[in-house]
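Work through the exercises below with the sequence and the structure at hand. Each task is followed by a solution in steps.

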Amino acid sequence: MYRALILLALLGGMTCIGCHRNAKRTDATVVFLIESSPTNLDPRIGVDAQSEHIDELMFDGLVVRDASYRFAPGLAQSWEQPDPLTLVFHLRPGIHFQDGRLLTSRDVLWTLNSMHDGTLITPKAASYVSVASIAAPDASTVVLHLKVPDNFLLGNLSTGAMGIVPEGSGRDFWKHPVGTGVFRFVSQETDKEVVLERDSQSWENLADLGTAGSDSVQRVRFAVVPDAITRALELEKGSADVTSNALPADVLPVLAAQKSLKVESVGGTMVQYLAFNTVDPILRDARVRQAIACAIDRERILKTLLGGRARLTSSLLPAHHWAWAGDVATYTYNPARSEQLLDEAGHRAGANGVRLHLTMKTSTDDGTRLLAATFQQELAKVGIALDIRSYEPATFVQDLTRGSFQMYSLRWVGGNEQPDIFGYAFSSARIPPRGANRGRYRNRELDAFLDDASRSTDQSQRRTDYVQAQQLLARELPAFNLWYQDSIVVHNQRLTNISISPSGSFVFLRTAKCLPQS
């Protein structure tokens with residue numbers, strides 16, 4: 001569908017409403033197309049993909065995660081754990097915020113305490129419930145005293161998961177965020193754009209002085225363009241430079257054929273999933289959820305809708321992760337099994353063939369709506385009438401947070417690379433606003449597995465806990481994991497040195513080179 005429309009537009013010289021071809025930009029300015037505005041650029045609060053990706057450019061955590069999911073120094077040049085209930089961090093000297101203030105331990109205390117003590121209402125608060133108190137014995141040392149051992153705390157203190165903000169930053173910090181990252185905030189306008197500039201004095205840019213020259217990306221304009229066809233046309237015309245994981249698969253060959261553009265991809269860790277409201281009168285029955293899973297032909301969707309740029313999955317974790325489990329219940333396409341499960345659940349077909357009615361909520365993103373329409377066709381074959389309701393992104397997210405839905409589909413981006421994702425998404429203690437258990441799933445057995453894993457110092461025992469958790473989730477199916485989606489970047493040829501992240505982050509902008517615009 002999209003491919004035909006793009007071809008028609010290119011051949012017919014279709015004018016793109018809302019294009020930014022007249023926008024003023026220097027050769028070192030990159031126009032980056034995103035589907036929606038970030039909901040909150042305060043790294044203590046924003047959890048949507050756009051917020052986290054842009055925040056990761058402006059802010060730093062105490063530690064960073066490498067490609068193997070191990071931890072390395074971030075703002076903290078070193079750390080030690082003298083006992084299971086104490087973590088001591090030693091900050092790098094001479095790091096400044098983008099407004100010139102020197103980073104000290106007081107900023108770290110303020111950041112963590114504001115999330116921990118209720119100063120801010122944030123879904124990230126539950127990530128720090130293990131912290132009993134925080135101390136700053138001197139300007140460069142931070143000591144965390146824990147209530148219980150917490151194997152996830154380093155991950156929750158890493159760049160991308162959070163960012164250190166200046167002492168005194170309040171609830172309106174998101175309007176003018178100030179961090180220590182490679183890029184600094186310039187401006188934002190909801191539903192239009194976010195503008196960042198490279199901070200030449202940031203500690204990372206100073207450290208990379210030998211490699212980050214004048215040909216590095218100096219300015220980024222994140223332009224909000226909700227329509228997929230418009231995004232593709234702006235790239236083709238050269239009025240935009242790059243977009244990441246924001247185009248339907250069937251337009252990629254069309255764009256790849258353009259001399260000015262390049263399509264690059266790597267196997268991704270982003271998981272597309274279908275979530276259920278487990279307190280809904282219909283969907284609280286696991287058999288109905290399993291029936292829906294059996295009614296969806298994922299293989300066909302991968303070939304037709306995604307152009308083969310994805311791989312089936314049964315877990316939220318990347319397949320090469322140490323805690324990943326392959327020995328779980330799976331749901332291959334089986335309409336007969338789906339109908340049997342619906343019969344067992346008491347939903348027999350009526351005279352018109354319809355067994356039950358469900359509603360799926362989506363954002364106004366074209367790709368999401370197309371996927372929902374595909375589910376609608378699949379489910380109709382087994383007697384499930386699916387109604388689709390689309391909302392503006394802010395309203396959509398608000399409804400999910402309140403639990404005002406029956407079904408929805410989103411992607412886990414980045415956060416699913418650590419096993420605490422199971423607690424964040426399914427623990428009884430992580431129902432919003434304390435986490436992302438939007439489906440209100442509650443299971444004491446799962447909570448026990450996750451609690452044991454979070455406290456155990458024996459990795460083999462932790463793996464056993466996570467395997468059992470994944471097996472339980474696969475049987476109960478509070479959400480159906482669909483596929484790992486490839487991470488795909490489409491960019492103008494003037495951008496080089498693009499290193500794509502499997503998680504879909506925008507960190508490639510840190511090292512990308514920007515040739516003069518022709």
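The expected span of a helix is 1.5 Å times one less than its number of residues. The model used here is predicted.

**Exercise 1. Compare the span of helix α15 with the expected span, and describe the surroundings of the helix.**

Step 1. The buried residues of α15 include Arg462, Tyr466, Leu472 and Leu473. Among the elements that cover the buried residues of α15 are α13 and α14 (444-455).

Step 2. After α15 comes Leu477, with a positive phi near 55°.

**Exercise 2. Classify the ring pair Phe32 and Phe508, and then the pair Phe422 and Tyr466.**

Step 1. A search of the whole structure gives 15 aromatic pairs. In one of them, Phe32 and Phe508, the centres are 6.1 Å apart and the planes make an angle of 25°. Planes under 30 degrees apart count as stacked, and the pair of Phe32 and Phe508 is stacked.

Step 2. Phe32 lies in strand β1 (residues 29-34), while Phe508 lies in the loop between β18 (495-496) and β19 (513-514). The two are 476 residues apart, and their pair links distant parts of the chain.

Step 3. Phe32 counts as buried because its relative accessible area is 1%. Phe508 is also buried, with a value of 2%.

Step 4. For Phe422 and Tyr466 the centre-to-centre distance is 6.3 Å and the angle between the planes is 35°, and this pair is tilted. Phe422 belongs to helix α13 (residues 421-426) and Tyr466 to helix α15 (residues 459-476), 44 residues apart.

Step 5. Phe422 is buried at a relative accessible area of 2%, and Tyr466 is buried at 0%.

Step 6. Elsewhere in the list of ring pairs, Tyr273, Phe396, Phe405, Tyr408, Trp412 and Tyr424 are linked into a cluster.

**Exercise 3. Find which residues have the most contacts inside the largest nonpolar core.**

Step 1. The largest nonpolar core has 56 residues, and Phe89, Leu144 and Phe222 have the most contacts inside it. Helix α3 (residues 105-116) gives the most to this core, namely four residues.

Step 2. Take Phe222 and leave aside neighbours within four places in sequence: its contacts include Phe32, Ile34, Leu196, Phe506 and Leu509.

**Exercise 4. Is Ile95 buried or exposed, and what is it in contact with?**

Step 1. Ile95 sits in the loop between β5 (86-91) and α3.

Step 2. Buried means under 20% relative accessible area. Ile95 has 2% relative accessibility, so it counts as buried.

Step 3. Beyond neighbours within four places in sequence, Ile95 is in contact with residues including Leu75, Arg101, Thr180 and Trp203. Thr180 is 85 residues from Ile95 in sequence, yet their C-alpha atoms are 7.5 Å apart.

**Exercise 5. Describe helix α6 from its start to what follows it.**

Step 1. At the start of α6, a side-chain oxygen of Asp227 comes within 3.3 Å of the backbone nitrogen of Ile229.

Step 2. Eight of the ten residues of α6 (residues 228-237) are buried. Among them are Ala228, Arg231, Leu233 and Glu234.

Step 3. Gly238 follows α6 and has a positive phi, near 85°.

Definitions and conventions
Residues are numbered from 1 along each chain as its sequence is written. This is a predicted model: local features need pLDDT of at least 70, side-chain atom pairs count only at pLDDT 80 or more; totals for chains, interfaces and linings use all residues. Side-chain values use heavy atoms; hydrogens and water are left out. Rings of Phe, Tyr and Trp (its six-membered ring) pair if their centres lie within 6.5 Å; planes under 30 degrees apart count as stacked, over 60 as edge-to-face and the rest as tilted. Buried means under 20% relative accessible area, exposed over 50%, partly exposed in between (1.4 Å probe, protein chains only). A nonpolar core is a set of buried Ala, Val, Leu, Ile, Met, Phe, Trp, Tyr and Cys residues joined through side-chain atoms within 4.5 Å. Contact means heavy atoms within 4.5 Å. A polar contact is a pair of N or O atoms within 3.5 Å; within protein, one must be able to donate a hydrogen and the other to accept it, and residues adjacent in sequence count only if both atoms are side-chain atoms.
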